[in-house]
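This report goes through the folds of the chains, the way they are divided and the places where they meet.

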Amino acid sequence: MIIHLDKENYKNYNYLLLSPKEVEQEYTMNPFGNFLVYVENKDIIGYIYYSDIYDRVEINQFEIDSSHRNCGKGTALLKKLINDVDKNITLEVNITNKVAISLYEKLGFKAVSLRKGYYDGIDGILMERNRTIGSEKVKDLYILGIESSCDETSASIVLNGTKEIATVTSTQIDIHKDYGGVVPEIASREHIKNITIVLEDCLRKADMNMDQIDAIAITYGPGLIGSLLVGLEAAKTLAFIYNKPLIPVHHIAGHIYANSLVKEMKFPLLAVVVSGGHTELIEMSAHYKFHKLGGTLDDAIGECYDKVARIMDLEYPGGPKIDSLSEKGKDTYKLPVPLKDNSYNFSFSGLKSAVINLVHNEEQRKNPIIKEDLACSFQKVAVEAIITKTKKAIMDKGLKSVIVAGGVAANKGLRKAMEKLAEDLNVELTIPPIKYCTDNAAMIAAAGYFAYLDGRRADLSLNSKSQDELI
Amino acid sequence: MRILYIDTSSSYLYAAISENDSKIVEIKKEFGRSLSEEALPEIVELFQSIHINPADIDKIMVVSGPGSFTGIRIGMTIAKVCAWSMNIPITTITSLEAMNISSDSNTNRVPVINARRGNVFAAIYDSNNRQIMPSQLIKIVDLQQKLKSLEDYIFITNDDIEIIGNKESYSPKLQRIINYYKDKESINPHAVNPEYLKLTEAEENLI
């Protein structure tokens with residue numbers, strides 16, 4: 001980790017390159033002097049000694065221990081300095097030191113003049129980095145996202161809310177299968193087992209370290225409280241240790257922003273959120289401006305799928321199984337289309353009850369249930385409910401862009417129906433690939449970037465919320 | 001040698017940074033439901049009070065349970081992430097060990113934690129801290145049966161448990177706990193996990 005060496009406690013470290021005496025000397029001799037150091041296991045393995053002189057900063061010395069070179073540590077150290085001082089920076093470099101010069105150039109330094117024979121007869125170059133370079137162009141932001149709201153432990157690094165650098169997800173589906181659904185206490189126990197492994201794998205996959213991360217985005221809710229807490233405490237602890245901004249992300253905002261990993265989001269848009277816990281229509285006028293048009297009055301669509309699957313004796317998670325069975329079936333069973341009204345709301349508990357009654361009645365009559373056909377009839381009605389209200393919202397609000405989000409966005413029947421609707425109404429449709437539909441941290445990191453630009457921050461007292469409205 | 005100690009296994013937060021064998025800053029605070037909100041900020045304050053950074057810690061000691069499942073996970077996640085990300089040695093002790101070491105009684109000691117429905121988490125130690133019965137989930141009646149063979153003993157607990165015998169309340173002596181266990185072998189942070197001593201209800205029903 002990189003820290004500004006405190007004038008009080010500089011003696012607490014092992015010095016590979018300097019000595020505490022030298023530090024003390026510089027501090028007493030140079031009132032402008034400061035040390036920015038790279039610490040690993042209490043060893044100072046690299047440092048920048050710089051003078052902060054009113055409106056500018058001069059780098060006097062910059063050194064990385066020889067056994068720690070060529071792994072981005074020097075870059076990280078210099079980036080940290082650029083970030084923290086936010087001033088014009090000057091330095092001198094030996095003209096033969098090509099590695100250093102290319103590093104400086106990469107970070108926006110330009111040669112200003114030549115100093116003949118500066119280094120024992122070898123020329124030195126005076127380089128300068130203008131502070132406005134950084135502010136003219138929006139700075140690149142690497143966000144680490146962490147998600148643990150249900151049964152996936154996931155970590156991801158995303159650049160500027162759009163480019164996925166690395167994602168690692170540990171899923172517990174096989175563990176919960178035996179219980180026919182997610183068992184909250186078991187989920188929490190799995191999260192704490194996996195959390196550091198997932199984080200380590202993610203950083204390794206990205207070939208990055210925590211110092212190169214600009215902010216940490218965390219799903220604070222809604223979800224299973226015990227599960228949420230593991231990710232939350234991990235995120236807060238990292239934010240504390242590495243002094244990074246902490247960004248609270250609503251799980252549904254995450255699902256919506258999965259689309260940002262696919263294609264630039266154009267506003268105003270309609271977000272159709274369909275998952276195991278949510279069924280919502282959300283209008284967005286700009287990034288991070290959410291307006292809920294309607295939602296489910298009882299069960300979420302994914303919940304309804306899983307419950308119906310259980311009635312049909314399909315293995316958990318049953319939603320995807322209904323989807324694939326329905327492709328092989330015919331629409332022969334009569335089921336009611338739920339909540340045919342003028343609102344943007346949904347209701348799925350009536351549909352679930354209708355399936356229970358239907359199965360029960362057929363059993364009484366000793367008629368075998370044709371699973372493929374029941375799946376087909378159920379899916380047709382469930383999808384129709386979503387499509388009808390989506391169509392109404394698009395037409396009422398005159399929207400030109402629709403995005404689908406949440407686990408049920410992986411449903412092939414729904415995808416097909418959405419594609420047809422978009423074609424009929426001539427609106428642009430985005431549906432994320434399946435890997436971004438289920439719970440993952442890439443979507444949390446993507447949402448985290450736009451939340452960050454929106455100025456959203458949390459302090460270390462951030463708590464998890466099992467329920468919370470998206471605003 | 002600076003050791004960070006964290007125990008969130010009960011409704012109290014016990015945390016400390018021990019600078020050496022005699023100098024310590026500590027916090028003992030009852031939290032209940034807001035533990036997740038306040039645990040980390042309180043720990044951060046410990047660091048600030050002695051002007052050190054997380055990287056200045058040499059070892060982490062965390063209580064792994066038994067106790068409140070959610071509570072244990074809060075402290076252990078903080079400890080695990082600290083140890084892993086900064087590559088600091090970490091060791092775990094049980095809440096029952098912490099209770100035993102904190103006692104001044106010169107007899108056999110029986111730390112007990114309420115595990116509901118007539119059960120307790122318990123262990124038995126002699127006055128020299130030797131373990132007579134390892135940490136376990138046990139029915140109160142079975143525990144009392146086991147204790148019959150001992151001449152004298154005292155229960156250590158802060159819970160309201162219907163149990164027959166002399167009792168003393170648990171008042172943690174953090175410096176003493178840290179000193180006693182400071183050389184305990186450290187483990188890979190990834191392998192640091194709570195000791196629940198109890199399956200989840202769903203798992204019990206499945207058996």
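The sections below cover the basis of the description, then each chain, then the contact between them.

## Basis

This is a predicted model: local features need pLDDT of at least 70, side-chain atom pairs count only at pLDDT 80 or more, and totals for chains, interfaces and linings use all residues. Residues are numbered from 1 along each chain as its sequence is written, while chains are lettered from A and ligands numbered from 1 in the order in which they are written.

Helices (H or I, at least four residues) and strands (E, at least two) are DSSP runs, numbered from the N terminus. Two strands pair if DSSP finds at least two bridges between them. Axes are lines fitted to C-alpha atoms, for helices over the stretch in contact, and angles run from 0 to 180 degrees between N-to-C directions.

## Domains

Domain bounds come from an automatic or database domain assignment. Chain A is divided into domain 1 (2–136), domain 2 (142–261 + 440–453) and domain 3 (269–431). The C-alpha centres of domain 1 of chain A and domain 3 of chain A lie 58 Å apart.

For chain B the assignment gives domain 1 (3–94 + 172–206) and domain 2 (104–168). Their centres, taken over C-alpha atoms, are separated by 24 Å. Six residues of domain 1 of chain B are in contact with seven residues of domain 2 of chain B, where contact requires that the C-beta atoms, placed from the backbone, lie within 7 Å. On the side of domain 1 of chain B that touches domain 2 of chain B there are two nonpolar, three polar and one charged residues. In these classes Ala, Val, Leu, Ile, Met, Phe, Trp, Tyr, Cys and Pro count as nonpolar, Asp, Glu, Lys and Arg as charged, and the others, Gly among them, as polar.

## A sheet in chain A

In chain A, five strands form an open sheet with mixed pairing, in the order 16-15-14-17-18. Strand 16 (289–295) and strand 18 (428–430) of chain A are the edge strands, each pairing on one side only. From one strand to the next the twist averages 20°. Strand 17 (residues 401–405) of chain A runs parallel to strand 18 of chain A and is joined to it by three bridges; Ile403(A) has Thr430(A) as its bridge partner in strand 18 of chain A.

Helix 12 (residues 371–397) of chain A packs on the sheet and touches strand 14 (269–274), strand 15 (279–286), strand 16 and strand 17 of chain A; its direction makes about 165° with that of strand 14 of chain A. Helix 13 (residues 412–425) of chain A lies across strand 14, strand 17 and strand 18 of chain A, at about 160° to strand 18 of chain A.

## Helix 12 against helix 13 in chain A

The axes of helix 12 and helix 13 of chain A come within 10 Å and cross at roughly 30°. The two helices are therefore roughly parallel to each other, a term for angles under 35 degrees. Helix 12 of chain A passes helix 13 of chain A in a right-handed crossing, in which the near helix is turned clockwise from the far one by less than a right angle.

Contact residues of helix 12 of chain A include Val383(A), Ile386(A), Ile387(A) and Ile394(A), and those of helix 13 of chain A include Leu414(A), Ala417(A), Leu421(A) and Leu425(A). The residues of this contact divide into eight nonpolar, three polar and one charged.

## A sheet in chain B

Chain B has five strands in an open sheet of mixed pairing, in the order 8-7-6-9-10. Strand 8 and strand 10 (167–168) of chain B stand at the edges with a single partner strand each, so one side of each is left without a neighbour in the sheet. Six bridges join strand 7 (residues 119–125) of chain B to strand 8 (residues 131–139) of chain B, and these run antiparallel. Phe121(B) stands opposite Leu137(B) in strand 8 of chain B. The two strands form a hairpin with five residues between them, and Asn129(B) in the turn has a positive phi of about 65°.

## Contact between the chains

In the contact between the chains, 33 residues of chain B meet 37 residues of chain A. Helix 2 of chain B gives the largest share of the chain B side, 13 residues. That side has 18 nonpolar, 10 polar and five charged residues.

Helix 7 (residues 225–242) of chain A and helix 1 of chain B pack at about 20°, with their axes 11 Å apart.

Key:
Two residues are in contact if their C-beta atoms, placed from the backbone, lie within 7 Å. Angles under 35 degrees count as roughly parallel, over 145 as roughly antiparallel, 65 to 115 as roughly perpendicular and the rest as oblique.
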